[in-house]
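Look at the sequence and the structure first.

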Amino acid sequence: MRELRCFDDASPFGAETADELEELAQDLYHRLIEPRGANIDDPDRGLGIEDMLSGELDPSLTRRIEAELQKDERVTLVAATIAEIEEGSFRIDIQIEADDDELGLTLEYDAAGVLRRVA
């Protein structure tokens, strides 16, 4: 069953995800932005990455991203990197192996505190 497209905003036309890989990418993105415990069905889910990027960068953040995404049973391997673009701005590149597929997820966080998924 497909899900509605919903990254930073829902699709204005109610479009559904095109395939299982897009659905997985969306689910993983939500896992990163949700504060831990915000999902009552899974209180151990969520990283709250926006809050983690708003102050001094935690050197364990890449490891925490990888651990959070590996909680999804579809994910077999995750490698994350964080690069500071300029003071207070970061680019997060995540490579994911899921079943027999690979996908990349790139996020950018700016000094104004805005996190967005980059295509």
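## The nonpolar core

The largest nonpolar core holds 25 residues, and those with the most contacts inside it are Leu32, Ile49, Leu53, Ile65, Leu69, Ile94 and Ile96. At least two residues of this core come from each of α1, α2 (49–53), α3 (61–69), β1 (75–86), β2 (89–98) and β3 (101–109). A nonpolar core is a set of buried Ala, Val, Leu, Ile, Met, Phe, Trp, Tyr and Cys residues joined through side-chain atoms within 4.5 Å. Buried means under 20% relative accessible area, exposed means over 50%, and partly exposed lies in between (1.4 Å probe, protein chains only).

The model is predicted: local features need pLDDT of at least 70, side-chain atom pairs count only at pLDDT 80 or more, and totals for chains, interfaces and linings use all residues. Residues are numbered from 1 along each chain as its sequence is written, and side-chain values use heavy atoms, with hydrogens and water left out.

Isoleucine 94 is in contact (heavy atoms within 4.5 Å) with Leu32, Ile65, Leu69, Val78, Ala79, Ala80, Leu103, Gly104 and Leu105, leaving aside its neighbours within four places in sequence.

## Overall layout

The protein has three helices and four strands. Their order from the N terminus is α-α-α-β-β-β-β. Helices (H or I, at least four residues) and strands (E, at least two) are DSSP runs, numbered from the N terminus. Of the 119 residues, 35% count as buried. Among contacts with a separation of 6 or more, 28% are between residues 24 or more positions apart.

## The strands and their turns

Two strands pair if DSSP finds at least two bridges between them. The table lists the strand pairs with their bridges.

| Strand pair | Sense | Bridges |
|---|---|---|
| β1 and β2 | antiparallel | ten |
| β2 and β3 | antiparallel | nine |
| β3 and β4 (residues 115–118) | antiparallel | four |

The hairpin of β1 and β2 has two residues between the strands, and glycine 88 in its turn has a positive phi of about 85 degrees. Glutamate 84 has phenylalanine 90 in β2 as its bridge partner. Alanine 83 is also found in β1. With 40% relative accessibility, alanine 83 counts as partly exposed. Leaving out residues up to four places away in sequence, alanine 83 touches Ser89, Phe90 and Arg91. Alanine 83 and aspartate 93 are ten residues apart along the chain, and their C-alpha atoms are separated by 8.4 Å.

Aspartate 93 has threonine 106 in β3 as its bridge partner. The hairpin of β2 and β3 has two residues between the strands. Most residues other than glycine have a negative phi. Aspartate 99 sits in the loop between β2 and β3, and is exposed because its relative accessible area is 56%.

In the hairpin of β3 and β4, five residues lie between the strands, and glycine 113 takes a positive phi near 90 degrees. Leucine 107 stands opposite arginine 117 in β4.

## Alanine 98

Alanine 98 lies in strand β2. Is alanine 98 buried or exposed? Alanine 98 counts as buried because its relative accessibility is 4%. Valine 75 has alanine 98 as its bridge partner in β2. Apart from neighbours within four places in sequence, alanine 98 is in contact with Leu24, Arg74, Val75 and Thr76. Alanine 98 and valine 78 are 20 residues apart in sequence, with 8.9 Å between their C-alpha atoms.

## The largest pocket

Alanine 98 and aspartate 99 are also among the residues that line the largest pocket, together with Glu20, Leu21, Glu23, Leu24, Arg74, Asp100 and Asp101. On a 1 Å grid over the protein atoms alone, a pocket is an open set of points where a 1.4 Å probe fits, with protein on both sides within 12 Å along at least five of seven lines; lining residues have an atom within 4 Å of a point. The volume of the largest pocket is about 160 Å³, counted as the space filled by probe spheres set on the points.

Helix α1 (residues 20–33) supplies the largest share of the lining, four residues. By class, the lining has three nonpolar, no polar and six charged residues. Here Ala, Val, Leu, Ile, Met, Phe, Trp, Tyr, Cys and Pro count as nonpolar, Asp, Glu, Lys and Arg as charged, and the others, Gly among them, as polar.
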